[in-house]
Amino acid sequence: MVEKIVEEMRPFFDPKAVAIIGATNKKGKVGNVIFENFKMNKERGIFKGNIYPVNPKLDEIEGYKVYKSVKELPDDTDLAVISIPAPFVPATMKDIAEKGIKSVIIITGGFGELGEEGKKLEREIYEIAKANGIRVIGPNCVGVYVPDTGVDTVFLPESKMDRPKSGPIAFVTQSGAFAAAMLDWAAGAGIGIGKMVSYGNKLDVDDADLMDYFIHDEGINVVTFYIEGVKDGRKFIEAAKRITKVKPVIALKSGRTEYGAKAASSHTGSLAGADTIYDAVFKQTGVIRAEDFEHMFDLAKAFAALKDKLPKGDRIGIITDGGGAGVMASDAVAKFGLKMADLSEETLKYLKENFPPHAVAGNPTDVVGDTDAERYRIAIEGFVNDPNVDAIVVIVLFQVPLLEEEKIIDILAEYQKKSNKPIVAVAMGGKKTDHYARILEDKGVPVYPTPERGVRALAGLVKYAEYLRRGA
Amino acid sequence: MKEEALKVIEEVLKSGRTSLVEYEAKQVLKAYGLPVPEEKLAKTLDEALKYAEEIGYPVAMKLMSPQILHKSDAKVVLLNIKTPEELKEKWEVIHENARKYRPDAEILGVLIAPMLKVGREIIIGVTEDPQFGHALMFGLGGIFVEVLKDVTFRIIPITERDARKMIQEIKSYPILAGARGEEPADIDAIVNLLLKVSELVDDLDDYIKEMDLNPVFVYEKGKGAVVVDARIIVKEPTEKKEEIITEYRERCA
């Protein structure tokens with residue numbers, strides 16, 4: 001049996017036909033950009049559904065028939081995207097209800113966030129939605145982006161904002177501006193996003209609904225949230241507990257600073273700032289809290305690649321071709337609550353026998369600056385076979401002269417594939433390094449620009465693995 | 001458990017108060033099996049003398065008044081009373097201090113309590129968060145909470161694992177674990193306290209607004225803990241809101 005939530009959410013991510021209410025031929029207008037997104041994705045063969053622009057004043061847009069009203073729409077319409085002024089939305093919702101469309105994305109702003117009048121409109125919409133079993137994303141949002149199915153309601157044109165490739169990361173955000181900036185950035189950083197949802201005012205679909213949906217989404221390995229606030233805390237907690245047993249959830253919660261001593265008469269009340277409470281919620285539900293934007297995607301990247309080979313413990317092995325980087329990584333291991341693995345006698349013996357005398361067998365193992373890719377292979381082979389090592393950080397400074405870039409990339413990818421221990425790579429450098437890092441990532445090895453960030457991402461894997469083993 | 005605790009709370013609400021005095025708060029805690037000292041509320045001096053005899057000298061005296069929530073500020077906690085003569089004398093002093101502090105103070109009685117062996121001080125609290133509901137706090141008492149704010153929270157209800165993690169994650173945990181040759185504290189007793197508070201609040205969540213068990217003395221491993229002072233603030237239970245509009249208001253307020 002398919003879960004109800006999966007049935008309810010499907011049209012948002014893969015509609016048979018989308019109605020774009022407020023579609024227009026005026027370039028740059030929201031209703032135009034959204035229409036163009038769908039049209040373009042249809043032409044590219046990514047969006048497979050039908051596109052029905054709705055606008056009482058137009059007959060056709062760029063060869064597409066325009067419907068005068070929702071009532072005239074063909075019966076296969078299962079998603080409506082609304083970008084008409086707020087005062088007209090309730091009437092349109094009534095038509096949508098009558099038509100039997102069950103999924104609506106309301107892009108339009110000017111609702112609850114603007115005060116009483118807007119709240120009244122929101123209330124009307126909510127009542128219609130509830131009474132007719134309609135699920136609503138928004139209002140006041142940028143909606144949904146799904147590269148695999150071509151759903152793209154992000155009203156920033158491709159000329160202004162790059163779209164990321166597809167990948168196993170879901171990204172959920174309240175803020176539309178944040179959504180846009182993040183997508184653009186992810187595209188630039190080569191990070192794949194499978195589904196992005198910006199839900200704005202969260203009139204209906206909220207974090208908990210999305211968590212319940214993503215449990216069943218096989219294309220998604222890790223769910224990231226940018227959260228400003230939660231409205232139904234209990235629902236959030238229950239849903240979070242359900243999903244974290246199946247896949248990792250990373251949350252970046254803004255508003256970290258205390259909101260001051262509330263009007264609390266007790267000690268406890270005055271100490272319970274909003275942030276402290278969120279910390280508690282995340283700890284109890286196994287949600288991993290990201291410190292900042294960078295941390296969130298460092299973690300997401302690690303989980304996206306390594307969700308199915310989580311470390312069995314917290315003992316880290318470090319391999320490096322630069323001593324300083326090895327020390328930095330060792331410091332980070334301590335800082336993020338991990339342990340340096342004690343290599344077994346056999347491993348040390350194996351390394352010493354196969355290394356030239358000036359390479360350092362140990363943890364960290366330093367293959368030193370005259371290394372070639374084969375010396376890395378020896379080190380990795382030793383670490384992978386050592387029962388005392390749970391996860392491996394391989395620092396590759398591509399700058400050293402004898403290191404064959406393609407070869408070391410292949411070796412890392414090979415061991416990532418055949419070993420059951422997670423491997424993360426650290427590559428510090430500029431443009432040339434970035435180039436190789438990108439290739440390495442495409443082969444399934446997450447790469448970080450500093451030892452600290454690589455180890456911190458690994459610490460997230462260790463923490464989540466521990467949670468799965470023992471509960472929050 | 002629930003019935004006994006509710007009886008105390010209903011009585012307090014009936015008298016028009018929402019803040020329980022220490023004695024009442026401890027009755028609620030006792031109903032849930034939390035360790036509170038063997039203490040009695042004396043309405044008269046004769047009762048006080050009788051109770052002190054039963055408990056055994058030395059005793060502590062604490063005046064209970066709904067208007068005096070900060071008892072030490074009002075000097076209505078007198079410790080180490082060694083004889084019946086001293087108790088008689090202090091009975092006058094404690095009432096005089098209360099009148100000086102709040103002339104209108106309604107006096108419910110004087111709590112006659114045994115003098116407790118001092119243990120490591122911890123604090124356990126409960127507050128209601130508007131989004132997530134009741135949250136449980138744990139920390140060491142004194143400067144650790146006042147100055148360093150070294151406390152940790154969980155949403156109620158908690159599991160035993162939550163309780164253990166709470167204790168371990170405060171920075172001052174080594175003090176409980178036994179730093180510098182000190183015997184470790186009774187961690188299991190703290191776990192038990194946290195779980196019982198969680199159970200109590202989960203049961204009475206419609207009534208409880210805030211709670212402070214401060215301080216709680218924790219003794220060495222195997223020797224338990226005792227709630228020295230407690231405050232509970234309650235509220236009239238709210239009716240369950242089911243209408244769409246109300247639900248809307250909650251979501252979109």
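Which residue forms a salt bridge with K27(A)? Select K27(A) and E36(A): these two side chains form the bridge, and their closest N and O atoms are 3.0 Å apart. Before going further, please keep in mind that this is a predicted model.

**Stop 1: one bridge, two surroundings**

E36(A), at 17%, counts as buried. Buried here means under 20% relative accessible area, so the glutamate falls on the buried side of the cut-off with its 17%.

**Stop 2: bridges between distant parts of chain A**

Next, select K71(A) and D95(A). They form a salt bridge too, with the closest N and O atoms 3.8 Å apart. The two are 24 residues apart and link distant parts of the chain: K71(A) sits in the loop between β4 and β5, and D95(A) in helix α3. With a relative accessibility of 18%, D95(A) counts as buried.

Now pick D209(A) and R135(A). Their side chains meet in a salt bridge, 2.8 Å from N to O. Here helix α6, which holds D209(A), is linked to strand β7, which holds R135(A), and the partners are 74 residues apart. Are these two residues buried or exposed? Both D209(A) and R135(A) are buried.

Over all chains, the count of salt bridges comes to 60.

**Stop 3: aromatic rings**

Time for the rings. The structure holds 19 aromatic pairs over all chains. Begin with F13(A) and Y213(A): the ring centres are 4.9 Å apart and the planes stand at 35 degrees, so this pair is tilted.

For another geometry, go to F35(A) and Y64(A). Their centres lie 5.3 Å apart and their planes are at 90 degrees, so the pair is edge-to-face. F35(A) is in helix α2 and Y64(A) in strand β4, so the pair ties together parts that are 29 residues apart in sequence. The relative accessible area of F35(A) is 0%, which makes this residue buried; Y64(A) also counts as buried, at 18%.

Then select F171(A), F178(A), W185(A), Y226(A), F293(A) and F297(A) in one go. These residues form one aromatic cluster.

**Stop 4: lysines over rings**

A second example is K253(A), which lies over the face of Y278(A), at 4.5 Å from the ring centre.

**Stop 5: backbone details**

Hide the side chains and look at the backbone. Between G138(A) and P139(A) there is a cis peptide bond, with omega about -5 degrees; P139(A) lies in the loop between β7 and β8 of chain A.

Two residues have a positive phi without being glycine. E62(A) has phi near 45 degrees, lies in the loop between β3 and β4, and is partly exposed at 35% relative accessible area. K149(B) has phi of about 50 degrees and sits in the loop between α5 and β8 of chain B.

**Stop 6: where the chains meet**

Finally, show both chains. The contact takes 39 residues from chain A and 43 residues from chain B. How much area do the two chains bury between them? Chain A and chain B bury about 3,300 Å², 55% of it on carbon and sulfur atoms. Across this interface there are 2 salt bridges. To see a bridge between the chains, select E169(B) and K283(A), whose closest N and O atoms are 2.8 Å apart.

Methods:
Residues are numbered from 1 along each chain as its sequence is written. Chains are lettered from A and ligands numbered from 1 in the order in which they are written. This is a predicted model: local features need pLDDT of at least 70, side-chain atom pairs count only at pLDDT 80 or more; totals for chains, interfaces and linings use all residues. Side-chain values use heavy atoms; hydrogens and water are left out. Rings of Phe, Tyr and Trp (its six-membered ring) pair if their centres lie within 6.5 Å; planes under 30 degrees apart count as stacked, over 60 as edge-to-face and the rest as tilted. Helices (H or I, at least four residues) and strands (E, at least two) are DSSP runs, numbered from the N terminus. Buried means under 20% relative accessible area, exposed over 50%, partly exposed in between (1.4 Å probe, protein chains only). A charge sits over a ring if NZ of Lys or CZ of Arg is within 6 Å of the ring centre and within 35 degrees of the ring normal. Contact means heavy atoms within 4.5 Å. Buried area is the accessible area (1.4 Å probe) that two parts lose on being put together, summed over both. A salt bridge is a side-chain nitrogen of Lys or Arg within 4 Å of a carboxyl oxygen of Asp or Glu.
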